[in-house]
Amino acid sequence: MLNKQFTAEEFKAGQVLLFDKPLNWTSFQLVNKVRWLIRRSCNIKKIKVGHAGTLDPLATGLLIICTGKFTKTIPDLQGQIKEYTGTISLGATTPSFDLETEFDATFETSHITEEKLLETSRKFIGKIEQTPPVFSALKKNGKRLYEYAREGEQVEVKKREIEINAFDIDFSKFPDIDFRVVCSKGTYIRSLAHEFGIALDSGAHLSALRRTGIGEYSVENAMDIESFEKFLPSRENI
């Protein structure tokens with residue numbers, strides 16, 4: 001957490017800022033808000049600001065934002081291990097694998113036992129092949145996958161290797177499964193939810209997601225946008 005006000009020179013030299021992204025905000029919106037606040041409060045026309053790993057609008061949690069020269073460290077931050085918590089809801093699927101789109105199919109869940117849940121979750125530990133969701137910002141032939149999806153156009157999405165270090169589940173609220181996942185760069189938790197449902201001979205979608213950690217950084221030390229404004233210089237003092 002920040003404990004001092006920063007000057008324009010310090011923002012330009014580079015800062016690593018930890019934010020708790022609110023629900024329904026895009027990562028791009030939060031970056032734009034931070035950039036605008038810095039420019040306004042420090043009375044500067046231009047400053048580099050970027051984030052180290054996108055969070056979907058329906059996800060909350062840790063978003064690392066870098067300023068100035070520290071934007072060069074973003075690729076290193078993006079490669080760090082991520083930790084997420086959330087909820088996988090069994091019994092229904094959506095095209096986006098989360099609640100961004102409407103349900104497109106329902107499935108039986110009565111055959112799913114506690115033993116089957118635990119056995120299936122263990123199969124996802126380690127290096128696995130994962131198919132990214134079609135509703136994602138990945139590009140194919142210079143076009144975002146979600147653009148194809150929204151136009152109803154079918155495209156082939158190649159699998160990629162990812163690594164799941166931990167997949168802990170709590171089935172006390174079945175058919176909603178609370179989870180904690182520790183995973184490598186490039187992991188789509190929406191795809192994990194979808195594939196978990198398939199592996200259970202059912203269907204599933206991601207109904208809640210929160211990023212709690214990136215490498216050594218924790219959401220416990222993150223701030224909201226209102227708190228950040230307190231660490232900006234007043235225009236009256238410029």
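Biologist: How many aromatic pairs does a search of the whole structure find?

Modeller: The search finds six aromatic pairs. Do keep in mind that this is a predicted model.

Biologist: What makes the pair of phenylalanine 19 and phenylalanine 228 edge-to-face?

Modeller: Their ring planes stand at 75°, with the centres 5.3 Å apart. Centres within 6.5 Å make a pair, and planes over 60 degrees apart count as edge-to-face, so this pair is edge-to-face.

Biologist: And which parts does that pair tie together?

Modeller: Phenylalanine 19 is in strand 1 and phenylalanine 228 is in helix 7, so the pair links parts 209 residues apart in sequence.

Biologist: Why is phenylalanine 19 called buried?

Modeller: Its relative accessibility is 1%, and buried means under 20%, so phenylalanine 19 counts as buried. Phenylalanine 228 is buried too, with a relative accessible area of 0%.

Biologist: Now to a loop: where does asparagine 24 lie?

Modeller: Asparagine 24 sits in the loop between strand 1 and helix 2. Its phi is near 75°, a positive value in a residue other than glycine.

Biologist: How do you know whether asparagine 24 is buried or exposed?

Modeller: Asparagine 24 has a relative accessible area of 53%. Exposed means over 50%, so asparagine 24 is exposed.

Biologist: What makes aspartate 201 count as exposed?

Modeller: The reasoning uses that cut-off of over 50%: aspartate 201 has 56% relative accessibility, so it counts as exposed. Aspartate 201 lies in the loop between helix 6 and strand 12.

Technical notes:
Residues numbered from 1 in each chain as written. Predicted model: local features only at pLDDT ≥ 70, side-chain atom pairs only at ≥ 80, totals over all residues. Heavy atoms only, no water. Phe/Tyr/Trp six-rings, centres within 6.5 Å; stacked < 30°, edge-to-face > 60°. Helix = DSSP H or I, 4+ residues; strand = E, 2+ residues; numbered from the N terminus. Buried < 20%, exposed > 50% of the residue type's maximum accessible area, 1.4 Å probe, protein only.
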